[in-house]
Protein chains: 2
Amino acid sequence: MPLDVLKQVQDEFLDFNGTGMSIVEISHRSTAYQDMHDDTIYMLRKLLQIPEQYDIIFMQGGGSLQFVMHAANFLHHSGGYINTGVWSDKAMKAASFYGKVYEVASSKEDHFTYIPKPESFHVEEGTDYVYMTSNNTIHGTEWHHFPSFDVPLFCDMSSDFLSRPVDVTNFDFIYAGIQKNVGPAGAVIGIIKDSLLQKARTKLPLMLQYKTYVEHDSTYNTPPVFNIYFVNKVCHWLDDHGGLAAMEDTNKKKAAIVYGAIDESNGFYSGHAQRDSRSRMNVTFNLPTEELEKQFITEAAGQHIIGIKGHRSLGGCRASIYNAVTSEGCQKLADFMKAFHQKH
Amino acid sequence: MPLDVLKQVQDEFLDFNGTGMSIVEISHRSTAYQDMHDDTIYMLRKLLQIPEQYDIIFMQGGGSLQFVMHAANFLHHSGGYINTGVWSDKAMKAASFYGKVYEVASSKEDHFTYIPKPESFHVEEGTDYVYMTSNNTIHGTEWHHFPSFDVPLFCDMSSDFLSRPVDVTNFDFIYAGIQKNVGPAGAVIGIIKDSLLQKARTKLPLMLQYKTYVEHDSTYNTPPVFNIYFVNKVCHWLDDHGGLAAMEDTNKKKAAIVYGAIDESNGFYSGHAQRDSRSRMNVTFNLPTEELEKQFITEAAGQHIIGIKGHRSLGGCRASIYNAVTSEGCQKLADFMKAFHQKH
């Protein structure tokens, strides 16, 4: 998280907006809360240029509950999934409780090293929606051009939300767990098109219906107040720093620094993702041996470069360079990579 | 929330436990997180004397998602509900998606002014569980003696959790949204008996199965880290202040101060709840006219006594005197009530 934001939250932790109360104790039915809630929606709309025909909602349960909810609401006949790794795979499994699921495309056979190309897409007759994951944290791949379909398109943007501008109108439903770029784990932002909402299943408990969140402005029950407040702070911070175009520019430069260290290593470091599918959020790579990878992670920690170990399901190394990581941080990692290479 | 806890959270907001990172950014796969997670479970077990055959889990989605989950997991034939107000009513409605629901007892016809007596209970053959709400925030009633049944007993303790000792072994499943006495909105604590878990429906998406949370120690997906951390702080604060027996003692005294002001007013203030069903968390009362109630709320605000307006569904006045409210705060309210009465 940006240090400026953390300091602001700390500063006003005992007195939210002159209420004399902490943000963790104000009522979600108070004007002070509602003003902040409204402003957060306003700021998200501004940053992503979200048109009026889309509603913005806040939910709980993480991306994992969305794996359930998107299908509970919209899977009537069949759902098509672009399988780019663990997250889309989990979404497909959870969705299978509500109807037929199938792969529109997949890079599974190639260890999820790339984002499938449109020419490989196969959408079956009667498909309710196509579902995709914009960034794959574990394998380090990311969509750089979003596809279009004749059926509604859903996108899990949990791990690159607010890291770049996105044309929201290309999608019918976007959701993002906030814990990577936007705030503390515990809230999910949903952006949902009005026309899609009409197609939702209604024989469903209220808490599992998107409609409930839209109709009650996300306060049917107590919303995750602190998390939404944090989103508010991050949105203002982004806005003050040039918005999403500037963020994308910075993120491109940051990623280029780390991928540069891989590409200039003559194969000592090998990237997991194919070049045109490389993620700007998660750089995944291997060293010649597991032994060297262990040593790399240990020595990195000695330089205060932490969290560099790959996801337990894939192994190897991974540098997560979300919005709050600075260019200096990326340069420090690249320098360390070069020095480590020279030593071994 | 206790001021001591708020200050502690503020103090260490930029550096959690020497990690150099904020609690809102540490990985839930880190040792620093896991240690805190384990300690929170240990502290809950200690405070409530929870035996080993019960698991303690953390979930998201508030009490409202529990209205869905308890039935999704355990309603096979029929579920019996003790209807004591809005919350049990909502639980029953959500549960009806999964099977038959019926009222074991209800105080609805009497405007939920009391907690039903055991002699009025009617449990049908083939009932999977009986469900109850320990404290009713809107109507201001609370169970002072818990009932027992031949079938598993479930209890929503969201609004009086950790306000008093509870014999956990009387229940098969307890859950509590943490936002009243224990922490910021966004986490639910579940206490679930192993033998009950065996009876759970398994044809259900993983995120809706209690089993998933138990088997993965609540980290199948990213848990609400900040909220759990806050629970940890509150548990230590309670432990440092004599535990739940001391808390109950204080809460009894606090409630006596406010109810005293009602009872000594010769009917100027009239309590909504019958005497033997009075809540120690939410004191609900009316004044002779709506006009006077409005004036009461306005003048109270002038004395910095806020949040005294009754729930929008019931009207009147309500003093919520959760754990963090002090005896002095209650005395201040009682004094104001006396002064207001004398004036009008």
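**Sheets, helix packing and the chain interface**

Good morning. In chain A, A:Ala176 stands opposite A:Ile189 of strand E9(A). That pair is my starting point in what is a predicted model. The two strands concerned are E8, residues 173-177, and E9, residues 188-193, both of chain A; they pair in the antiparallel sense over 5 bridges.

Let me place these strands in their sheet. Chain A has an open sheet of 7 strands, ordered E1-E9-E8-E7-E4-E2-E3, with mixed pairing. Its edges are strand E1 (54-59) and strand E3 (100-106) of chain A, each of which pairs on one side only. On average, neighbouring strands of this sheet are turned by 20 degrees against each other, if direction is ignored.

I turn now to the helices that pack on this sheet. Helix H3(A) lies across E1, E2 (78-83), E4 (127-133), E7 (153-156), E8 and E9 of chain A, and runs at about 165 degrees to E4(A). Helix H4(A) also packs on the sheet, where it touches E2, E3, E4 and E7 of chain A. The direction of H4(A) makes about 165 degrees with that of E2(A).

How do these helices meet? Two packed helices are described by the angle between their axes and the distance between the axes. For H3 (residues 62-74) and H4 (residues 86-95) of chain A, the axes come within 8 Å and cross at roughly 45 degrees. On the H3(A) side the contact is made by A:Phe67, A:Val68, A:His70 and A:Ala71; H4(A) contributes A:Trp87, A:Lys90, A:Ala91, A:Ala94 and A:Ala95. By class, the residues of this contact are 7 nonpolar, 1 polar and 1 charged.

Is the crossing of H2(A) and H7(A) left-handed or right-handed? The crossing of H2(A) and H7(A) is left-handed. Among the residues of H2(A) in this contact are A:Tyr33, A:Met36, A:Asp39 and A:Met43, and those of H7(A) include A:Ile228, A:Tyr229, A:Asn232 and A:His236. The contact of H2(A) with H7(A) divides into 11 nonpolar, 3 polar and 3 charged residues.

Next, chain B. Here 3 strands form an open sheet in the order E10-E11-E12, with antiparallel pairing. Strands E10 (270-271) and E12 (317-320) of chain B are its edges, each pairing on one side only. E10(B) is joined to strand E11 (residues 282-286) of chain B by 2 bridges, and the two run antiparallel. Within that pairing, B:Ser270 stands opposite B:Asn286 of E11(B). Helix H8 of chain B, residues 243-263, lies across E10 and E11 of chain B and runs at about 10 degrees to E11(B).

Finally, the interface. How many residues does the contact take from each chain? There are 45 residues from chain B and 45 residues from chain A. About 3,600 Å² is buried between chain B and chain A, and carbon and sulfur atoms give 67% of this area. In chain B, the residues that lose the most area to chain A are B:Gln10, B:Leu14 and B:Phe97, which together make up 16% of what that side buries. Thank you.

Note on methods. Residues are numbered from 1 along each chain as its sequence is written. Chains are lettered from A and ligands numbered from 1 in the order in which they are written. This is a predicted model: local features need pLDDT of at least 70, side-chain atom pairs count only at pLDDT 80 or more; totals for chains, interfaces and linings use all residues. Side-chain values use heavy atoms; hydrogens and water are left out. Two strands pair if DSSP finds at least two bridges between them. Helices (H or I, at least four residues) and strands (E, at least two) are DSSP runs, numbered from the N terminus. Contact means heavy atoms within 4.5 Å. Axes are lines fitted to C-alpha atoms, for helices over the stretch in contact, and angles run from 0 to 180 degrees between N-to-C directions. Ala, Val, Leu, Ile, Met, Phe, Trp, Tyr, Cys and Pro count as nonpolar, Asp, Glu, Lys and Arg as charged, and the others, Gly among them, as polar. A crossing is left-handed if the near helix is turned anticlockwise from the far one by less than a right angle, and right-handed if clockwise. Buried area is the accessible area (1.4 Å probe) that two parts lose on being put together, summed over both.
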